[in-house]
Amino acid sequence: SDNEGKSIVIKSLDEITKNKVTEYTLYESKSEFNKLWLVIIAPLALIFLFFYKKSKTNNKLLNNTLVYRPNENKFFINNKPLNLEAKLHSLLYYLMNEQDNYILLDGINELFASPNMQESYITINKRRDMAIKKLKYIISLQLNKNENEIIIERKNENDKRVKEIKLGVFIDRIE
């Protein structure tokens with residue numbers, strides 16, 4: 001059409017294609033982008049995944065949970081070691097191994113009996129009760145939880161005179 005758009009002008013194809021005004025490419029090869037992806041972006045993605053996975057395992061230590069590392073034989077809260085006496089450590093380790101089950105309170109007496117001395121049953125029970133109270137106190141301070149939530153006590157279903165205990169907080173093992 002002419003400039004005013006009122007008439008149509010017919011020209012031959014040769015007349016139109018002789019003089020090139022502009023040229024545009026319709027398709028560009030993406031091989032350069034693929035090389036860039038393989039050389040730069042793929043290793044960066046792998047590095048990002050590595051650090052993400054590592055930070056995710058460290059976040060387990062930071063979210064106010066109790067963690068046990070068997071290779072160090074230590075308990076951690078908020079990535080800080082929980083320094084416990086030997087008897088308290090063995091008690092917490094025993095409770096961790098039985099954390100899904102209620103155990104008889106008298107079943108942990110052997111942890112508090114001295115092998116060299118003959119002690120009365122009452123002495124061992126008092127030592128056990130003091131250790132349980134101390135462990136509850138230490139962990140409840142660190143986790144900001146009630147002491148009754150740390151170690152749960154109940155009476156035995158069959159014999160109401162017998163007490164059972166269970167660890168109320170979950171201890172995660174990290175290798």
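1. Basis of the reading. The model is predicted, so to speak of local features a pLDDT of at least 70 is needed and side-chain atom pairs count only at pLDDT 80 or more, while totals for chains, interfaces and linings use all residues. Residues are numbered from 1 along each chain as its sequence is written, and side-chain values use heavy atoms, with hydrogens and water left out.

2. Overall make-up. The chain has 5 helices and 7 strands, where helices (H or I, at least four residues) and strands (E, at least two) are DSSP runs numbered from the N terminus. Read from the N terminus, the elements follow the order α-α-β-β-β-α-β-α-α-β-β-β. Of the 175 residues in the chain, 24% are buried; buried means under 20% relative accessible area, exposed means over 50%, and partly exposed lies in between, with a 1.4 Å probe and protein chains only. Among contacts between residues at least 6 apart in sequence, 45% join residues at least 24 apart, a contact being heavy atoms within 4.5 Å.

3. The hairpin of strand 1 and strand 2 has 4 residues between the strands, and in it asparagine 73 takes a positive phi near 55°. The hairpin of strand 2 and strand 3 has 2 residues between the strands. Asparagine 78 lies in that loop and has a positive phi of about 55° although it is not a glycine. Asparagine 79 is found in the loop between strand 2 and strand 3 as well, with a positive phi near 65°. As background, most residues other than glycine have a negative phi. Asparagine 78 counts as partly exposed because its relative accessibility is 29%, and asparagine 79 counts as partly exposed because its relative accessibility is 38%.

4. Strand 5 and strand 6 (residues 163–167) run antiparallel and are joined by 5 bridges, and lysine 155 has lysine 163 in strand 6 as its bridge partner. Angles run from 0 to 180 degrees between N-to-C directions, and axes are lines fitted to C-alpha atoms, for helices over the stretch in contact.

5. Helix 3 and its other neighbours. The axes of helix 3 (residues 86–97) and helix 4 (residues 121–143) come within 10 Å and cross at roughly 80°. That angle makes helix 3 roughly perpendicular to helix 4, since 65 to 115 degrees counts as roughly perpendicular, under 35 as roughly parallel, over 145 as roughly antiparallel and the rest as oblique. From helix 3, Leu88, Leu91, Leu92 and Leu95 meet Ala131, Ile132, Lys134, Leu135, Ile138 and Ile139 of helix 4.

6. The nonpolar core. The largest nonpolar core holds 27 residues, of which Leu92 and Leu135 touch the most other members; such a core is a set of buried Ala, Val, Leu, Ile, Met, Phe, Trp, Tyr and Cys residues joined through side-chain atoms within 4.5 Å. Strand 1, strand 2, helix 3, helix 4 and strand 6 are the elements that give two or more residues to this core, and helix 4 gives the largest share, 6 residues. Leaving aside neighbours within four places in sequence, leucine 135 is in contact with Leu84, Leu88, Leu91, Leu92, Leu95 and Ile151.

Note on methods: Two strands pair if DSSP finds at least two bridges between them.
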